[in-house]
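Subject: Structure for you to look through

Hello,

Please find the structure below, with my notes after it. Keep it open while you read.

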Amino acid sequence: MTAALRFDPIRLPPKCEELRKEVRAFLAEEMARGTFNPFKPNREDTDAPEFSRRVGERGWIGITWPKKYGGHERSFLERYVVTEEMRVANAPTRRFFVADRQSGPILLKYAPEHIKMDILPRICRGELCFAIGMSEPNSGSDLFAAKTRATRTDGGYLINGTKIWTSSAHIADYMIAIFRTSQPTKDNRRHGLTQFLVKMKQPGIKVNPIGQITGQYEFNEVVFTDHFIPDDHVLGEVDGAWKQATSELAYERSGPERFLETYYVLTELVRAVGNDPDTRSAEGIGRLVAQLHTMRRMSVSVAGMLQAGKEPVVEASIVKDIGTVWEQQLPHRVRDLAAFVEETASNRETLERQLDFAIKTAPKLTIQGGTTEVLRGIIARGLGLR
Amino acid sequence: MAESDNIIVETAEKIFADLADPQTINNDRKDAWKAPLWLALSEAGLPLAWVPDDLGGSGASLADGFALLNAAGRFAIAVPLAETMLAGWLLAQAKIASPEGEMTVLPASPKDRITLNPDGSLSGRVRGVPFAKAAKHFAVLAHGTGGVSIALVDAGKAKIEAGLNVGYDDSDVVTLERAAPITIKPAPKHLDQTTVMLMGGVVRSLQIAGALESMLDISVRYSNERVAFEKKISKFQAVQHNLAKLAGESAAALAAATSAADAIASATAFNDAVYLEAASAKIRCAEAAEKGGAIAHQVHGAIGFTIEHILHRYSLRALAWRDDFGSESYWAVELGKLVANRGADELWPLVASR
């Protein structure tokens, strides 16, 4: 048999459901105090520093990390619940989400002790925003074509070059980036890149906002000109970033954020059709709910495998492939059904406004964080085809 | 559930491997393999796996039985194992003992009805009944003025119009005209036609998921053997991406089906959450049968379209299984109504409760 894919029916333990209630109550409070409007995903308040601090106070950032770094040593399944409730509510998690999901875990693994002690507790308190410096103007999916140079100097490195499509760079306190420290070798084109911790808002770093087709400014061009990074900000092996990049992917790719980005249009569709839907609406909603439920069960299953210490890279890639294609199609399927919604539906305007935004958001979903093509390549390798 | 992790699945897989090898079966035009296979399954107590010891069965858990049916799907077994298991399960719900031999369940579609007449006889015409022609007995769910009953009926009492589904398995029209049951008892309170259809739907979902696992397996193998344009076709990116999509469909089907099976096996009541699981499994697995099966055929090209090749044993059967116990469009309508009825703000809590 082909290497079997496993998606065991993992159930969230009871303590997760306790936590879920706490998160829902917290989010209801935040909505009541006007922090965010769950019905307006295209709002201007995606950067919410005070909200971020209050989430930190609750202990929901770095939830799985060791206590000595400000973490809470709880399970991945508990983190899963916090993430999905925040996402479904359209909460403004931008400021802490990247640090919580991937920057923190990278620091935990590769940063020197004094840096961990300095930075991780501040992430947990919701005080720090992270960006990821991967793509460059001529290096996107082909990560190992990165050219931005880190040149040896006294006590550290000088950085020259440009990162691009860097989400949140304009508000970020830190970036974890890969820079070129050596040329690739003949037998390993992945050789020569090193992972660095970059302190933003410093001399030699210029952040230029880039407008997106949604009308928002979330990603940026980041230009480095002789920017100095000290030696202790090297993360892991010099020239060996390629060995470090893959194991984190399972975390990055299988979470609830990989199929819930446009979920709000489904809720509003159900509201708009009312409790006595015609056959067409009922069938459309039923199929979408069945697909959603299935993806969530797959995603929870991967979270369970991560919790058990496994590295389900292929399974995680499958979740992201199916999940992102689904969340991309969702606004279009909802639009199909919305055409039949009564003029008198109370939330008609909200639904139309949301669809407008979700349809503009959709194209990026199968690109960000690993394109569909890259994912299918990883799955194909797992199947023994490459 | 790709690895056998329990003794029932191990036993079944050994029997399937010995007596139901897909290529051997496919070459056998006279169905000579059927009787020995059924005998071996019966001797191992598998067709009555879900019947307690005191009712003549082998008393396996629901979970073990579901795992067995997933394995049966991987071999695309074409004897009424799933049907007899379901029939035995249904009879056991009313504490009716199961006889030996093949059985099937009536009705097999949510829209068909069998009526319990005031004189205690049963009437009704039900379509698309899997393996009715092969069955010696029927487990019948009947509606009377006093509610729902479960009956054991001798197959000889029914009129059967033989038919075949798209997978070339028996799928018959069964007519009962004032047929006297062997035994009839009231169904327990929690059990109605919807629960029987959902239970049947989960069984079919597991079989579809199993068939998709095998389709993925033989497609990957074939792509690593077949050479075109001077290289293995597995080296073409277009083929790789198609197979990656097939893996996704197979994974989705497996996740949906095993989750629903787990939900039913550990359920204390057939509530909305179990309904979501079971209906979703049938919907998603049926979609996967269509999308995944198409890719498996695409990878195989013309050879997979021949009757000599084993691919159709999985692909057509998976498509046929979509129709039993309510199609995906039927369940989508029903699930959509349930969701709409609960209201928009109750959708996420329902999904998140699983």
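The buried residues of α11(A) are covered by elements that include α8 (264-273) and α10 (313-338) of chain A. Helices here are DSSP runs of H or I of at least four residues, strands are runs of E of at least two, and both are numbered from the N terminus. The buried residues in question are A:Leu351, A:Gln354, A:Leu355, A:Phe357, A:Ala358, A:Thr361 and A:Leu365. A residue is buried if 20 or more other C-beta atoms lie within 10 Å of its own, exposed if 12 or fewer, and partly exposed in between, with C-beta atoms placed from the backbone.

This is a predicted model, in which local features need pLDDT of at least 70 and side-chain atom pairs count only at pLDDT 80 or more, while totals for chains, interfaces and linings use all residues. Residues are numbered from 1 along each chain as its sequence is written, and chains are lettered from A and ligands numbered from 1 in the order in which they are written.

Helix α11 of chain A has 18 residues (348-365), which should span 26 Å at 1.5 Å a residue; the expected span is 1.5 Å times one less than the number of residues. The end C-alpha atoms of this helix are 25 Å apart, which agrees. At A:Ile359, α11(A) bends by about 30 degrees, and A:Pro363, a proline, follows within four residues. The bend is the angle between axes fitted to the seven residues ending at a residue and the seven starting there.

Next, the domains. Chain A is assigned domain 1 (14-128), domain 2 (132-241) and domain 3 (249-382), with bounds from an automatic or database domain assignment. The centres of domains 1 and 2 of chain A, taken over C-alpha atoms, are 25 Å apart. Between them, 12 residues of domain 1 are in contact with 12 residues of domain 2 (C-beta atoms, placed from the backbone, within 7 Å). On the domain 1 side, helix α4 (residues 94-110) of chain A gives the largest share, six residues.

How many residues does each chain bring to the contact between chains A and B? Chain B brings 45 residues and chain A brings 47. On the chain B side, α7(B) gives the largest share, 15 residues.

Last, B:Pro118 lies in the loop between β2 (115-116) and β3 (122-130) of chain B. B:Pro118 counts as exposed because it has 8 C-beta neighbours inside 10 Å.

Regards

Technical notes:
Contact = placed C-beta atoms within 7 Å.
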